[in-house]
Amino acid sequence: MKFFLLLSAIGLCWAQYSPNTQVGRTSIVHLFEWRWADIAQECERYLAPNGFGGVQISPPNENIVVHNPSRPWWERYQPISYNICTRSGNEDEFRDMVNRCNNVGVRIYVDAVINHMCSEAGSSGTNSTCGSYFDAQNRAFPAVPYSGWDFNDVKCRSGSGGIENYNDAAQVRDCRLVGLLDLALEKDYVRTKIADYMNHLIDIGVAGFRLDAAKHMWPGDIKAVLDKLHHLNVTWFPEGSRPFIYQEVIDLGGEAISSSEYFGNGRVTEFKYGAKLGTVIRKWSGEKMAYLKNWGEGWGFMPSDRALVFVDNHDNQRGHGAGGASILTFWDARMYKMAVGFMLAHPYGFTRVMSSYHWPRYFENGKDVNDWVGPPNNNETIKEVTINPDTTCGNGWVCEHRWRQIRNMVAFRNVVDGQPFTNWWDNGNNQVAFGRGNRGFIVFNNDNWSLSSTLQTGLPSGTYCDVISGDNVEGDCTGIKISVSSDGRAHFPISNFAEDPFIAIHTEAKL
C-alpha cells in the first residue's frame, strides 16, 4: 500500500510538466488577443487538421478598460475580478471555444494573471470589461472580493512600494511591479480566491495555465495555490489528470531570482532560448550556427524537461521583457522562419509558436513608441480574424502559425517526436544540418554563399518533398524534391539568395 501511494505521489508530482496534448501533437500556439469565437473556428478548420496540440489564450478574466492610450494590449494584464468577461468574449463564448477545441483534440491554456490586480493609478469606478465597480486607491475589488487586507503594501520593503532593486528577491516578490497592486499570496484567503478562479476554468475544460509574472511570486505561494486545483475535466482528459503549468520567469542570469527555484511547480519559460537563438541567426557577437551543435543545456539553459521554449513572445517582440534587439519576430520574416524551423526541429524543450497582429511601428531614440497598440479593432471591438484565399490571415492579423514553413515544421516535430538528435554536420560557419533518428532531417544555409553538399540523413531511401518550399499534395511535391540514396545520403543545394534558405524532409513527406 505504501508503495502504491508513493507511485501515486510521483505521478502527481510529474503531471504538471505534461501539456495534456493528444498523442502525436507536440507544439502549442499563442493566439494573442484573438476572440474566443475565432479561436473555436481556428481549432476546427486549421489547428486540428495540421497537428497543433493546443492554444495559449489571452487572459479571460475581467480587466480594467484603458482609454489613454486607447485600449492597449496590456490592459488585459490588469485584473478587476475573476469574472470571464473581456474583449475576447463572455463566459458562454469561452465555454463554446473550450468545448469545440477539446472536441477536435486541441487544448486550451489560460494566461493566468494572479500576482496582482490593476495599477494603483487605476482610479475607481466601473471602467472595466464587465462593468464591475473597483477602487484601486483604497484596494477595493468587491467583485472578487478583495480589500486592503489582501495586498502586500505593508510587507513591501522599498521606499516607494514598488520594485526598486531586482537583486533583492523579497522586493521583486513583495512589492509592486510597475505600480500593479501586489496580492498577498501568503494568505489562504487570497490563495483560495485564485484557486477558485482557476478551478472554474479547469471545470469548464482548460488543460493548463501560463502563470504570468511568476518571478514576482514566491514559489511556495504558487505551490500552495496549485495544491488546491482540481483534476482536469474527465470529458476530455483521463481521470486524475493534472493541469499543465508553465511559469513566466525571466532569468537571463545575474539577478537574485533563478528559474530553478520554480521547477517544483511546473515548467518554466526559458527566455535565454529566443535571445541566444536570435543572436546566432543574426550572426551578432561573432556567433555562428556551427556553435549550435550542443544547443540546449550545453548553452546554460535549464533542463529540457522543465523548459517551455519560444523564439519570441507577446512581450519581447515589442521590446519588453528579455532579449532586447536580438529577438527575431515576424518583422524579420526570413530569419524568423529559420529560427522557428530550428526550434521545431531540435528536441530541446516544449515548443510554443507565436501568432501576432500588425501594429504601426514608430521609433524614437531606438524605442518603438507604438509598442502599446492593441489588437485590430473597430471602435474598440476586436476585429474578426479573416482568412484570405491563400490561407493567410487578413484584417491586420499576422498568423505566423499559418505560414507554410511554420505549419509544416509543426508537423515535422510531430513526426520526429521521441527520435534522437543525430547526424550533425556543419561547415564551421553558418551552414548546418542535423537529423532526428531515421524520421527527419533539416539543413540550413545562413552564410553569404551557396551551399551544395551531400550529407548523411539517416532516412530510408526514396524521394522526399521539402516541406519548407512546398507541400506533399496527392503524392507530388509543390516544392523542391530531395532524393535519398540507399546509403541514406542526399544532395542538398541551397542558394544564399533563396527565399527560405533551409530544407526539411521527413518520412511522412516521402513521395
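The structure is a predicted model, in which local features require a pLDDT of at least 70 and side-chain atom pairs count only at pLDDT 80 or more, while totals for chains, interfaces and linings use all residues. Residues are numbered from 1 along each chain as its sequence is written, and side-chain values use heavy atoms, with hydrogens and water left out.

The domain assignment of the protein chain gives domain 1 (1–269 + 357–397) and domain 2 (421–509); such bounds come from an automatic or database domain assignment. Between the C-alpha centres of domain 1 and domain 2 the distance is 39 Å.

By comparison, the C-alpha atoms of Val55 and Phe301, which are 246 residues apart along the chain, are separated by 25 Å.

Helix α2 (residues 36–47) spans only 14 Å between its end C-alpha atoms, whereas a straight helix of 12 residues would span 16 Å at 1.5 Å a residue. The expected span is 1.5 Å times one less than the number of residues in the helix. The buried residues of α2 are Trp36, Asp38, Ile39, Ala40, Glu42, Cys43, Tyr46 and Leu47.

The whole structure contains 4 disulfides, each being a pair of cysteine sulfur atoms within 2.5 Å. With the bonded cysteines of the protein chain numbered in sequence order, the pairing is 1-2, 3-4, 5-6, 7-8. One of the disulfides joins Cys43 to Cys101, with an S to S distance of 2.1 Å. Because Cys43 lies in helix α2 and Cys101 in helix α3 (residues 91–103), the pair ties together parts that are 58 residues apart in sequence. Their link is right-handed, with 90° about the S-S bond, and both Cys43 and Cys101 are buried.

Cys156 and Cys175 form another disulfide, their sulfur atoms 2.0 Å apart. Cys156 lies in the loop between β9 (134–135) and α4 (169–174) and Cys175 in the loop between α4 and β10 (180–182), so this pair ties together parts that are 19 residues apart in sequence. The torsion about the S-S bond of Cys156 and Cys175 is about 100°, so the disulfide is right-handed. Cys156 is buried, with a relative accessible area of 11%, and Cys175 counts as buried at 1%.

In the disulfide of Cys393 and Cys399 the sulfur atoms are 2.1 Å apart. Its torsion about the S-S bond is about -95°, which means that the link of Cys393 and Cys399 is left-handed. Cys393 is buried at a relative accessible area of 10%, and Cys399 is buried at 1% relative accessibility.

Strands β20 (residues 421–426) and β21 (residues 431–436) run antiparallel and are joined by 4 bridges; two strands pair if DSSP finds at least two bridges between them. Phe421 stands opposite Arg436 in β21. The hairpin has 4 residues between the strands, and Gly428 takes a positive phi near 85°.

Technical notes: Helix = DSSP H or I, 4+ residues; strand = E, 2+ residues; numbered from the N terminus. Buried < 20%, exposed > 50% of the residue type's maximum accessible area, 1.4 Å probe, protein only.
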